[in-house]
Every structure is written in structure tokens, then in C-alpha cells.
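Subject: Structure handover

Hello,

The structure you asked about is below, and my notes on it follow. Please read them with the structure open.

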Amino acid sequence: MPARSHPLGVHPSPCGDGTANVAVYAPGLTTVDLVLQRPGEPWQRLRLGHREHGVHFGIVPRPRHVQRTALSAADLARDVCPAMPEGTRYGFLDGDAAPGTVPDPAEEIVLLDPYGRGLERVAPPSGVVDPGPDAYGGMYVSVVTAQDHVWRDEDRPAPPWRETVVYEAHVKGLTMLHPDIPHELRGTYAGLGHPVMTDYLRGLGVTAVELLPIHAHLDEAHLTENGLSNYWGYNTLGFFAPHAGYATAAARAAGPTAVLNEFKAAVDALHRAGLQVFLDVVYNHTAEGGAAQRPYCWRGLGEREYYRHDEHGTYVDVTGCGNSMDFGNPQVVRMALDSLRYWVTQCHVDGFRFDLAPELGRDEHHHFSRNHPFFVAVAADPVLQGVRMISEPWDVGAGGWQTGRFPAGWADWNDHYRDTVRDFWLSGQRTMRRGGGGGTAARLAGAISGSAELFAPHGRTALASVNFVTAHDGFTMHDLTAYDAKHNEANLEHNADGTNDNHSWNHDHEGFSPDAHVRAARAATARNMMATLLFSQGIPMITAGDEVLRSQQGNNNAYCQDNRLSWLDWRLTPLDRAMLQTTQRLIRIRRTFLAAQPHDFPATPEDVVLEWFAPRGEPMTGELWQTDGARALQVLLSAREGGACGLCVLNGTAAPVAAVLPAAPGADDAAERPAPEGFRLVLATDPQLDELTGNRWRGGAAVTVPAQSVALFTLE
């Protein structure tokens, strides 16, 4: 069968004759040679004899000892063949370099396949004392993997987007210290899919697990020099290969197919538990260093085409990480789309969060456009229909802040929401403690309502806002209440890394406090932020461990801390357990409320009813909204045709408030429908008021809401 320029990567020839078709986009090379080693055989070198629009391609024949047999459709679906069987190690070489010689990839650099499904380090970096498994400078090859996992997730979960509650987690950090998970499974894909973990997540009430990068990644050179590693994984070495470091020792020993299957089994287990799986993906830059450092893949295949350059040939860095991928090149767009489709079709992933996403929408002139071909292609791709697309809507290039401006169908991380909630519950408290008024609740009201000022001008609703108070980068929710300043000394960057703009407040004591009153006040503030998050319009995202007050000891950039500082500690104090129970209850309350609303709530903004009241029960006025210190208010939330109303009373002042509950909606037409019995308290972040949960008050009655607390009611 003649060679084909598509699909890219290594695949059995479609005719099923046992040969393999190999294609690689390498526009920077005149000729490309494939170097390969089948299991048990020596390395060999084969010229890819065809070239078309920068794609080099050719046929790999069957080994001489293998007779020609027709591969079945099932054989072809495994994506391996006799010419390139499972476990075959391979890479690419400049065909004009050292012609005729067969390099040893453990000693000489071969270039990785950008479409490689498996990755293997064949030699550690030289000159590095005790290098870690992902240390910069190691020698790598691509490895042929088989697609042979037997899926059991026939009824994959597909909750409506409005009912989604995202849980951002790190594969290793989530389970590394869990005492009920077998030791050999801790910190692995298998640990993630273990019943102990899936039961916990299901009991928490979240609907989707968003995993920090699981694409194969590499440590940065400076981390290797300092004896550290890239724990978060935002330094991709392969867009199609799962990171082997998160697999069990048994899977790693068995090879890349076993690693891939262990990841698939984890997805399978999460699906059977009713949980979707989102991947945090990093298409904006790669793990390769600068022009003076060795190439791993894209730089050697076509540096000028894969990476952004200016008219002088200098790198254009819009990520702050170097090596910004050039999404003005259709082949780069194609690679990202092919990667997304691979993780959806072969690994059953349900959604993606795109790191530094404006970079993906920058054209050949490096300008962002919400109509960029990448976004258009995602919207039009039949494979990606229904797959959740979430942007981190900022990068460091010109015009890099794009919150609210991504295309319809996408959701954006809402940093405006994050900072507003922190300012109200943290910065505002600090100001009051120092004698100030603490500001108003106006900005918080806008955030609770879905940040319409950001999204509505671009035709988007509250469901485009992914609301969060914390994420993997920055302080944990506990540390927001315990530290005024970052403490990143362990990163060995002289505490210069990480943001200084944290909107945090330490409750007048930096770090751990032996004072029980300080610790209780901090926990109360954390409960207030969690209650605000789960009451707000939009899609809430919880960072793993916030539900149990996890601390990173003030480190707000723990990207290189693969240790107990970052891992979730499952030894829970009474305050930790109280926070967990509060979070579980809040998620249940949110789910119950949404179940009583029309199916299109709140996607149709005109049908969302938000009524704002002052503490005494009268509607909020312009003067009250603008009065410094007016930090107590009530909001009644319902749908015009809904079956339930929710009332949230927020008291951000320093004193208790006698909140006069508003009149029930529809009281004027009580003759047409039964009058509600009253407002039933369903949760209070203050423990004493929370003891009254289940009690009812009629509209016009007063409820004393303690200082710095939230009370949630339902109208029944």
C-alpha cells in the first residue's frame, strides 16, 4: 500500500497487511529518518521517503520472519501491527546527519514523535547527582502502545452543566497520604480510581474531577539543578502520552501500554461512580528549553513553524514559560485538535481546562481573537460536541486578560469572582479590624449574580463563569485565612516567585496560631467563602483539600514541592471535619435547589429572579449599595416558573444583625396558589445558629445572624 501523509504518528496501514504508516510534521528538515527498535531486536534506521507540505512519511515493512496475514478490524483498532508492534521504541533523526549510522538513543539525541502514545526514558541526564525520574536532560524515546482497554462505562455520566461541581485535584497529591488506600497504589492512577477515593468524592457531592496535567511532562532545567521537580506538571513533553510517574511500579515495569491502561481504568472507575473526568491541558508551551539547549521534539523538527517568533526570528513569549506554541500555524492547531480527540475517543475524557488559553487564540501576529480558527474548529468538530471546554482566560502577552470573552460554548475561570470573594471576606475584615468600614457588598452581589458585566456583553450567561476562590496556584483556602504574605522559601527562588497579590488576611496572626479563638475564626471565614461559592450563579470549582482546610504552610506557588507540603493530609482535626460536613451540606443544598428549577435555569437570564434586600427587609437602594460598611444584605433567588426559592443572608459586619426576612414572592396572588409556610433554615456557617437548622420563619420575622457569617434558607 502506498504511504500516506495522514494520520500523523505511527499507525497500521489501513489495508491491514501488517505494515505501518509513519508520518511526522518536520518542516525544518530536508529528510527524516525513522529509528526504531522492535522488542528483542537491535536498533535500525529507515528513511521516510515522501514529503508533502512539511510532512515526511513512509511505510515500515513487516519483519522478514513475519508472514503476511490480513489484520482484522479489531486488530487495527488496537493501533499496532507486526511492523511496529506494541513496545516498539522509536524516534526521528535528521536524515542528512551522520548518514548510514544507527544511533543509540541512550547516548545520542533522537527526536520524539509529537503524536507518540507512549514515552520512555532510556538514560538519565549525565552530570546530575541522583536525578529524579523526570529530570531535565534525560534521553527519551517514543513507544508504540496498544489500545486494548476493555471499557465498562457504558452509561457515562453526563450531568447538565448547571449541576456540575468541579473538584480540581492532583493525581499524586490526592492519594499519596491516604491511609485506607493500599500503599502500592498511593499517588497513582490506580489510587485515584480506588473505591476508597471514588466513594469519598461521591460522598462529597462533586460531579467532575479536574486533574492537573497528566500529559507526559519534564522538569525544568533550573529545578533539576536545584534537586527539585515539577510537581504540577505544566511542562509538557508529549500531548498524547500519559505521565508514567503517576502509574504504579507494576505498570511502569510492564511498559507504556500498561501505564495507559491504568489511566483508562481510573477514568472507568470514576465514571462508574458517576463522576466526570476533566484534564488540565497545556498546549500553550512545551518542555523544551531555549535555542541554546538540546531539542527533544518540536524544536528539532521545525522550530520556526512550531513556536512563535517575531520578524527578527526571536522567540515571542506570551506564556512566561518560553517556547510559546504558534497557533497561527494550521499544523499546530491540527496537533492540538488531534490530541483532544485522542483523549476523548480513546480515553473517554469528558472535558478540558486549557492552561493560559489566550495563547491558543492568537493569530500569526500574536493577537487574540475569539474567532480564531482553533476555536472555530473546536466548535465544529463532531467528536468534541458536548465535551466541556474551560479556559484559563489569561496569559502574559499583550491583551492577555480575556475573562468573559471566550467563544460561546466555553466556560472561563473567573478571576474577578475569586478576588471579589476574597476581598469581601478577608481584606474587608482586615480593614474593619483596623478601624475602617470594610467597603460595600456591591461587587460581591455582582459576583454572586454571575458576573454579568463580564459575560453578558459577549452573549454569554452565568453558566460561562467557572467560579472559584482558590486553585492549584495561590494560597489554599485555609492559608488565605492564615497568611498575609507568601512563604515560598522552599522553592529556592529567594521567595521571589508566586504572586504578592493574594487578597488574604491572617486574622492578626501569621501562620499557625495556638489560640483556639483565632483558629475558629479562620475556619468560620473559610466556611463563609465556601458557602458564597456554592450559592453563587455559575459553575463552582473546589480545590482538593479546601473542604478539609488543607494548608501549604503559606507557600502560594508549590509547583515544585512533591512532598507533604503539597499532598493532602487525611488526618483531620475537628475543625477539618466540620468544614468537610459543611461543604457536603452546601453541595446537597445546591443540588436540591437546582432540581426544583426549570431545565433552562439559569441559562435564560431573563427568567432568573434575584431580589436584594437590606437587613431590615426593605429593598436595597443605590445609597445602601454605595455606603462604606454596609456589608450585610439578603438575596432571594428563584426562577420565574421555578418550584423553590432560596434565600441567602450574608453578614459581613463586625456585629450581629437582626435580619428581617423579606415577604415571600407571590404573596399578592396567594389566592391563585398556596402560600408558602415560610423560610426554613438549611445551613448557617455560625455553629450556634446552625443548631436551629430545620426551623421556619415567616416573611417579616427577624432572625439574628451572627457577625461574619452566612445563613441559607429555602422558602417552603
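Strand 10 (166-169) and helix 2 (171-175) each supply at least two residues of the lining of the largest cavity. Helices (H or I, at least four residues) and strands (E, at least two) are DSSP runs, numbered from the N terminus. A cavity is a set of points, on a 1 Å grid over the protein atoms alone, where a 1.4 Å probe fits but cannot get out, and its lining residues have an atom within 4 Å of a point.

This is a predicted model: local features need pLDDT of at least 70 and side-chain atom pairs count only at pLDDT 80 or more, while totals for chains, interfaces and linings use all residues. Residues are numbered from 1 along each chain as its sequence is written, and side-chain values use heavy atoms, with hydrogens and water left out.

The count comes to five cavities of 30 Å³ or more. The largest cavity has a volume of about 180 Å³, a volume being the space filled by probe spheres set on the grid points, which are joined across faces, edges and corners. Its lining has 16 residues, and His170, Tyr231, Ala544, Arg550 and Ser566 lie nearest the centre. By class, that lining holds eight nonpolar, six polar and two charged residues. Here Ala, Val, Leu, Ile, Met, Phe, Trp, Tyr, Cys and Pro count as nonpolar, Asp, Glu, Lys and Arg as charged, and the others, Gly among them, as polar.

The second largest cavity is about 80 Å³ in volume. Strand 1 (residues 9-12) gives the most to its lining, with three residues. Other parts of the chain also contribute, and the lining residues include Asp79, Tyr90, Asp113 and Arg117. The classes there are five nonpolar, four polar and three charged.

Strand 10 pairs with strand 11 (residues 208-211) over four bridges in the parallel sense, and Ala169 stands opposite Leu211 in strand 11.

Regards

Note on methods
On a 1 Å grid over the protein atoms alone, a cavity is a set of points where a 1.4 Å probe fits but cannot get out, and a pocket is an open set with protein on both sides within 12 Å along at least five of seven lines; lining residues have an atom within 4 Å of a point. Two strands pair if DSSP finds at least two bridges between them.
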